[in-house]
Structure formats: structure tokens, C-alpha cells
Amino acid sequence: MDVTKIYEIMREFLPESQVKINEPMKNHTSFRIGGPADIMVLPTNIKEVKSIIEVCRQNDIPFFVMGNGTNLLVKDEGIRGVVMKLAQNFNDANVNKNIIRCKAGVPLSALSRIALESSLSGLEFANGIPGTVGGAVVMNAGAYGGEMADVVKKVTVIDMNGRLYEMQKEELDYSYRRCILQDGDRILLEVEMELVPGNYEDIKRQMEEFAACRKAKQPLNLPSAGSAFKRPPGHFAGALIEKAGLKGYRIGGAMVSDKHAGFIVNVENATFKDVISLISHVQKEVERKFNVNLESEIKIIGD
């Protein structure tokens, strides 16, 4: 791929501030790990997204779509092709009665506060979850008994041919930490959520309780990608890892959090290899001691 050529094509419809060459992915992930992306683009509207997809398709360029990078582990070699980031550059939101419609890049925590200001209940669990709405909807993010499948009404997506259309909640085939959009055939652009009118003080109190619980139990002061493992049936990943004696176990700059064993944290310039080696070690030890298979919840990308 001729990076300079693709950059020049992108610059025909995107300003300089929205196209970056050899952009370090460690600056765009909560893990603070990852080599450079050949090109990163930051569209602000659907028209720009369509143009980016068209350029990549016409030039046979691989591209990856990300939000805030809170669930990503990028390889040290980086990412070949184009990374399309839908975060603060793509974050409009509006409220109409009990319906919130927003773009995929709105931070989930910010959306929970928007709901609070409108005295709408249903997103209390999202307060403190660091990712974007788009990533949360695709991953069916959840906590404290709530999940995105509870509030999503419909979404707007674009396919790889640039066709824009809506999908109803029932078409998303939701299950634990999964929906059909993970198949990668479509990009989520907008979400419409239906919430329930509630009492402002009650909603605020619930949000504050969840935030306090997160602060007390999770290593929020260190770079991580959130929970490293999915919850295995009948168990809690963090409890199994702690019982296996792995709390605080370290490989290179990556460590099993000594505050919550379900988190792997970057304590000292961890590399991709450090984290992957640690994940593998934890999985082997938990399977050896408890005969339970831990499935990683972190999305791995790069070359």
C-alpha cells in the first residue's frame, strides 16, 4: 500500500487535522500499548464515513473501525491499512422525551449523564464504563445487572458497499457480550435508545453508588482494557484467578491487578507480548487448577 498516495486521496475530502500518518496506537488505547497505524482518519459525519469506505474499497485497503480503544490490545508492529476512529470526532446526541439518539462516538459515561439530566432511567449501569456508545452496543457492554440490550431500540449502520440502513433491536441477535454486528460486515454509526422516565435524585444516587463501587474494586488508576476475561458459566473470572494465586503475578510490564484479579494492567511500559503471555499463563493455570476455560474479553488487532 502506498501510504502517501492514500493520504493524498483522503485529504481531498478530509482536512489535515482528520488524517494522520503513522499514528501511534498507544495514544488511542486505554492500555497505552500498540505500534503505529499506517493511516488514521477521524470522520465527523456520515458522508465522510462513506467516502472513507469507498476509498478503501476502490484501492483494496484493509480498514479497522474503533471507538475510544478501551477494549483493544494492539500489536507492537501496529496496524497496516486505515484505522477509522469514531470517538470525540463523532459524538452528537439529542433527547426527545424518553428517546435518546446519538452517534457511535459518544462516551458511554457521558450518555449516562445526559440521561440523568433528562431524568431518564436505564443507563445507570453505564456510569463509569470508559468506552463509546458504539463499542458498548456492539459488545453488549453491561454491569451491575444492566446491559446495552436492555435499552437499544434500533441502530443505523453502513455496510462495506456504502449502503446505509437501520436495524431493529430484534435483528441484532443480542446475547452475553455479543451481537450480530461483531461479524464485521457493517459499521455502527448511530443508536436510538428507549429509556424510562424516573426520579432525578434516585437515578443520581444509583449512579453514584455504582461509581463508588467501581472506584473501590477496580484498578482505575492504571492503564488496562477493563475486564480481561468473560465471565465463565457458574463462576467469576476474577475470583478464579485470585484463588489460583495469580493476583499480582507479573510478566514484563504487564500484571494481574492486585486490586481486582479480573484486570490485567500496564504497570511499566508493557508490550503486546507481555500482555499476551500473561493472558495465556492465567488461562493455563485456571484450567489446570479448576478445569475452567477463561475466554479473553479483549479484542486483539494489528500485524
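Q: In S12, which residue is the bridge partner of Lys-154?
A: This is a predicted model, where local features need pLDDT of at least 70, side-chain atom pairs count only at pLDDT 80 or more, and totals for chains, interfaces and linings use all residues. Strands are DSSP runs of E with at least two residues, helices are runs of H or I with at least four, and both are numbered from the N terminus. Two strands pair if DSSP finds at least two bridges between them, and strand S11 (residues 152–159) is joined to S12 by 5 bridges, with the two running antiparallel. Within S12, the partner of Lys-154 is Gln-168.

Q: Which residue in the hairpin of S11 and S12 takes a positive phi?
A: Residues are numbered from 1 along each chain as its sequence is written, and side-chain values use heavy atoms, with hydrogens and water left out. The hairpin of S11 and S12 has 4 residues between its strands. The positive phi, near 85°, belongs to Gly-162.

Q: Which residues make up the covered face of S12?
A: S12 has two faces to sort out. Leu-164, Glu-166 and Gln-168 sit on the uncovered one. That leaves the covered face to Tyr-165 and Met-167.

Q: Which are the edge strands of the open sheet of 5 strands?
A: Start with the order, S6-S7-S13-S11-S12, where the pairing is antiparallel. An edge strand of this sheet pairs on one side only.

Q: In S13, what is the bridge partner of Lys-103?
A: Let's look at another pair of strands. Strand S7 (residues 99–103) and strand S13 (residues 186–194) pair in the antiparallel sense over 5 bridges. In S13, Lys-103 is bridged to Glu-190.

Q: Are H3 and H5 roughly parallel or antiparallel to each other?
A: Helix axes are lines fitted to C-alpha atoms over the stretch in contact, and angles between N-to-C directions run from 0 to 180 degrees. The axes of helix H3 (residues 108–117) and helix H5 (residues 200–217) come within 9 Å and cross at roughly 155°. Angles under 35 degrees count as roughly parallel, over 145 as roughly antiparallel, 65 to 115 as roughly perpendicular and the rest as oblique. H3 and H5 are therefore roughly antiparallel.

Q: Which residues in H5 do Ser-112, Arg-113, Leu-116 and Glu-117 in H3 meet?
A: Contact means heavy atoms within 4.5 Å. The four H3 residues Ser-112, Arg-113, Leu-116 and Glu-117 face a group from the other helix. Their partners in H5 are Tyr-200, Ile-203, Lys-204 and Met-207.

Q: Which strands stand at the edges of the open sheet of 4 strands?
A: The order here is S15-S18-S17-S16, with antiparallel pairing. Each edge strand has a single partner strand, so one side of each is left without a neighbour in the sheet; the two are strand S15 (224–227) and strand S16 (250–251).

Q: In S17, which residue is the bridge partner of Arg-250?
A: S16 and strand S17 (residues 254–256) pair in the antiparallel sense over 2 bridges. Helix H7 (residues 272–290) lies across S16, S17 and strand S18 (263–266), running at about 25° to S17. For Arg-250, the partner in S17 is Met-255.

Q: Which residues is Pro-62 in contact with, leaving aside its neighbours within four places in sequence?
A: Pro-62 lies in the loop between helix H2 (46–58) and strand S3 (63–66). With those sequence neighbours set aside, Pro-62 touches Arg-80, Gly-81 and Val-82.

Conventions. Buried means under 20% relative accessible area, exposed over 50%, partly exposed in between (1.4 Å probe, protein chains only).
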